[in-house]
Amino acid sequence: MIKHIYAIMKKEFIHLIRDPRSLIISIFLPVILLFIYGYSVSFDVRNIPLAILDDSKTAQSRQLIDKFVHTGYFTIVEELRSGTQFHDALDSGRAKVVINIPSDFAKNIQRNKKVAIQVLLDGSDPIAASSALSYINGIAQQYFSGLLVAKGANPINLVSRIWYNENLRSLNFYIPGLISSILMMLAATLTSLTIVSEKEQGTMEALIASPIRKNELMIGKILPYVIIAFWDVIFVTVIGRYWFLVPIKGSITLMLFCSCIFLTGALAIGLLFSTIAKTSQEAMQLALLTTMLPSILLSGMVFPIENMPRVIQLVTYLVPARYFLRIMRGIFLKGVGISYLWGDIIPLTIFSMILMWLCIRAFKKRID
Amino acid sequence: MDSRLFHFIIKEFRQLFRDQRMLRVALIMPVIQLLMFGYIASTDLKNVPIVIMDEDKTSLSRAYIKSIENAGNFDLKYYVDDESQFSRLLDSGKAALAVHIPRNFKKTLMSGGSADIQAIIDGSNSSNATIILGYMNQINFSNSNAVLRDRLNKAGMNAAVYSPFDLQTRVWYNPNLKSLYFMVPAIFAQILMMISMILTMFSIVKEKENGTIEQLMVTPLRPYELILGKLIPSISVAVVDSVFAFLVAVLWFRVPIHGSVVLLFVLGMIFSITGLGIGLFISTISRNQRQAIMTNNLIMSPQFILSGFIFPIASMPSIIQALTYFIPLRYFLIIVRGIFLKGIGIRYLWDEVWPMLIFSSVILGLSVARFRKKIE
């Protein structure tokens, strides 16, 4: 059996080496992606383009405007002259927020009266809009509490501590997730051609006529890719740790062990499509469409799974990246061990096993 | 030329429709994807599991807890008496926030002092942690304010002074800040891009693998005719796809469309030609299908993140921001969101349209050039 598997592996390796471009891409793509993603993945909304209509034009109103600029959350792109320009500023997308300081601003402050500040938000980007609103609220609160004489400070202080990721560095959160999403994306497409191309090139007959058994064929086909993808895991982890300085608090051995299980499952998805598809294009289409977006959107990497509707939550159980992502975050950030992670390791293992079994089942050793 | 190109297009159409299974995937998958992903994006948190340790157990501490409960974002799952329980619950992920109200909470406040409430947040999910911290700050602010107002009233001062400003907020285009309206048009664009690239990326490489490329070369077809012939049948599939996706967005998700549908489809067509052109280009530079897939991966995967699909471009470092100008999806995203939600016309969108036009003509030109070189 070992001999047969070895023979298939060798054959698959020769295919790989003969095509250096594909090999280089499959080895370096995760690294490239990690670099690009690592620098751009962040929900922190900064430099929100802001247009201001200052009807007050007093020292006080300018002070407030300065506060907006100094925080770094906003960039003033335009000083408007009248309210008729609001539409143009938001419609054109030049500004996402318009703030109007009324003409009686300074007067009302002096008289201890309530002042109204008008805020217009571009809701077509709700994420930016809600962050902008909370920043504005915070800045205004700060400004006005600064104006008041500190009469008794705050009676209740909230002393907050953040565990696991003290500075709330979003990179620490995203990099472990990215590693699993990137690998998932790559893995399924890596194997999506292995079987179907044999069909297309007419070499399937030779394989079928050989004494190799179905399970030997599948294992032999998947192992070379497990090796390549495992190499990718090591590569990306090293970059995550030493370039992006994400701490790894848990056991690296456990992480590598879990990645092997995960990779087998993810690669088996591609292999399964390759077995059931009639043409490469079909296999590729299935692999791309079922893994690319889901690995980012349904794995919990970006959007928390708990917030999704029930039905979609059920779908996420079918995304292996979901389990692996939790394992990665657990090991990287919390440093927890197997006793906390078995709830994800077991489903991941079952998942990979079922997929391998499906591949072997789906492969028919005959020509129709 | 006309009849020559025409017959070639007919041949390509036949080839396309012969592959029924492929066609079915191309037509059905986008709809399924849109249905799934339309729902997932949500920026506010609900049912955050929290653990509470109330050492004070007085009317004031209970009122504080009540206000956490009333905020509607938290699920008060665990009550503990011992701080060591916090790490167990947070480690296992059973709770994301721990709140500790100290002994003498009420006494301190009644005597005019200031009391500390401790909040421990699971920071391993930094975006959730920031949101949770925001909720807690708000809850604390209103509690603190209530106490302060009480004190000032007792001292006979005007408490209104303490909330001296009023933000009159109006949200345009999407008044309820529904993230669905933001995501669905974007996913529509994203899927259109993916499908377009997949549709053409094999078209030429397949002819190479099947050995039919020589036959094509000896025909009097010119390179640009060949590229056009490969392009046109795929455009029709992409158009059908976008009609489907559009209908799902409008009829199922009820995303309001404020702008011109015609403009959306015309620009969508230009965008999809860009995607098809990239696919064709990949096909001309690849030797076999595997290479085509890997090259496609290399080109397609960065687009998710760099297009502004999920993460705001303005927050990226400037080098990465410069890269985003080479991502066609970036422009189309602004267009789709603009037409759907803002209802703006070509006057405001022109800045996104011309880069797309340049893109599609450059990529098609490159494909033709690359193909011509092959023949010689």
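This report walks through a predicted model with chains A and B, starting with chain A and ending with a few single residues of chain B.

Residues are counted from 1 along each chain as its sequence is written, while chains get letters from A and ligands get numbers from 1 in the order in which they are written. In this predicted model, local features need pLDDT of at least 70 and side-chain atom pairs count only at pLDDT 80 or more, whereas totals for chains, interfaces and linings use all residues.

**Chain A as a whole**

Let's start with chain A, which has 15 helices and five strands. (Helices are DSSP runs of H or I with at least four residues, strands are runs of E with at least two, and both are numbered from the N terminus.) Its radius of gyration is 28 Å, well over the 21 Å that the globule rule gives for 368 residues, so chain A is more spread out than a compact globule. That radius is taken over C-alpha atoms, and the rule is 2.2 Å times the number of residues to the power 0.38. Along the principal axes, the C-alpha atoms of chain A fill a box of roughly 95 × 45 × 40 Å.

How much of chain A is buried? Buried residues make up 46% of its 368 residues. Here "buried" means 20 or more other C-beta atoms within 10 Å of the residue's own, "exposed" means 12 or fewer, and "partly exposed" is in between, with C-beta atoms placed from the backbone.

**Where the chains touch**

The contact between the chains takes 101 residues from chain A and 97 residues from chain B. Two residues are in contact if their C-beta atoms, placed from the backbone, lie within 7 Å. On the side of chain A that touches chain B, the largest share, twelve residues, comes from helix α12 (residues 280-297) of chain A. Sorted by class, that side of chain A has 57 nonpolar, 28 polar and 16 charged residues. (Ala, Val, Leu, Ile, Met, Phe, Trp, Tyr, Cys and Pro are nonpolar; Asp, Glu, Lys and Arg are charged; the others, Gly among them, are polar.)

**Chain B: domains and helices**

Chain B is divided into domain 1 (2-41 + 174-375) and domain 2 (48-162), with bounds from an automatic or database domain assignment. Taken over C-alpha atoms, the centres of these two domains are 50 Å apart.

Just after α12(B), G308(B) has a positive phi of about 85 degrees.

For α14(B), 15 of the 15 residues are buried, so it too is largely enclosed by the rest of the structure. G343(B) follows α14(B), with a positive phi near 70 degrees.

**Two loop residues**

K57(B) isn't a glycine, yet its phi is positive, near 50 degrees. K57(B) sits in the loop between β1 (48-54) and α3 (59-70) of chain B. Is K57(B) buried or exposed? With 11 C-beta neighbours inside 10 Å, K57(B) counts as exposed.

R254(B) is another residue other than glycine with a positive phi, near 55 degrees. You'll find R254(B) in the loop between α10 (223-252) and α11 (261-285) of chain B.
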